[in-house]
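Hi there,

Here is the structure I promised to pass on. My notes follow below it.

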Amino acid sequence: MQRSISSSSSSSLSSAKNVSNQILRLGKQLESKVNKHRAPCDVFINHRGIDTKRNVAGLLYEHIKNNLGLRPFLDSKNMKPGDKLFDKIDPAIRHCKIGVAIFSPQYCDSYFCLHELSLMMESKKRIIPVFCDVKPSELAVKDLMNLNFPNKDLEKFNLALEEAKYTVGLTFDTLKG
């Protein structure tokens, strides 16, 4: 069963609240399993910046931070110019409690998005997928074949994408009503 999120601003905020409620529920379930040391972030937001940075991902980040009292990681908010992606993002993923993968039309064009997704899947993080202006069936593995990724990464990305896109998540189309 999938729920959707409307693509309007007020609906985007509503969808951010729906995702946040899932995150808060999962965070409480995981709280007892986590040691007393706080990780650099509680929620890692994986997204394609060109598609979602200024709407879904940004609104979700602000809602999680301001209303839930959790520490989200969003590259555009937590990183400074000159920071090395892998040096900041990989530890944030390894130490977060929950991952939110925001799939969008250009998501599969990004090596970094796919790297982050595969790292979350490999580390067995709880993942909440959000489908923004794209259906799970439109995230075709064959689209990855046109990109010049190293073969070892390509197989890892394919497996992570297939597993994540069939996890029950949120879509903008199905939450409209």
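How many salt bridges does a search of the whole structure find? The search finds 3, a salt bridge being a side-chain nitrogen of Lys or Arg within 4 Å of a carboxyl oxygen of Asp or Glu. In one of them D42 pairs with R71, with 3.3 Å between the closest N and O atoms. D42 lies in the loop between α1 (9-31) and β2, and R71 in the loop between α3 (56-67) and β3 (72-73), so this pair, 29 residues apart, links distant parts of the chain.

Please keep in mind that this is a predicted model: local features need pLDDT of at least 70, side-chain atom pairs count only at pLDDT 80 or more, and totals for chains, interfaces and linings use all residues. Residues are numbered from 1 along each chain as its sequence is written, and side-chain values use heavy atoms, leaving out hydrogens and water.On confidence, pLDDT (the predictor's confidence in each residue, from 0 to 100) has a mean of 76 for the protein chain, and 72% of the residues reach 70 or more. Over residues 1-8 pLDDT stays under 50, and over residues 170-177 it is below 50.

Now for a helix pair, with helices taken as DSSP runs (H or I, at least four residues), numbered from the N terminus. The axes (lines fitted to C-alpha atoms over the stretch in contact, with angles from 0 to 180 degrees between N-to-C directions) of α6 (residues 111-122) and α7 (residues 151-165) come within 9 Å and cross at roughly 70°. The two helices are therefore roughly perpendicular (65 to 115 degrees). Contact here means heavy atoms within 4.5 Å; among the residues making it are L114 and M121 of α6 and F157 and L161 of α7.

Best wishes

Methods:
Parallel < 35°, antiparallel > 145°, perpendicular 65-115°, else oblique.
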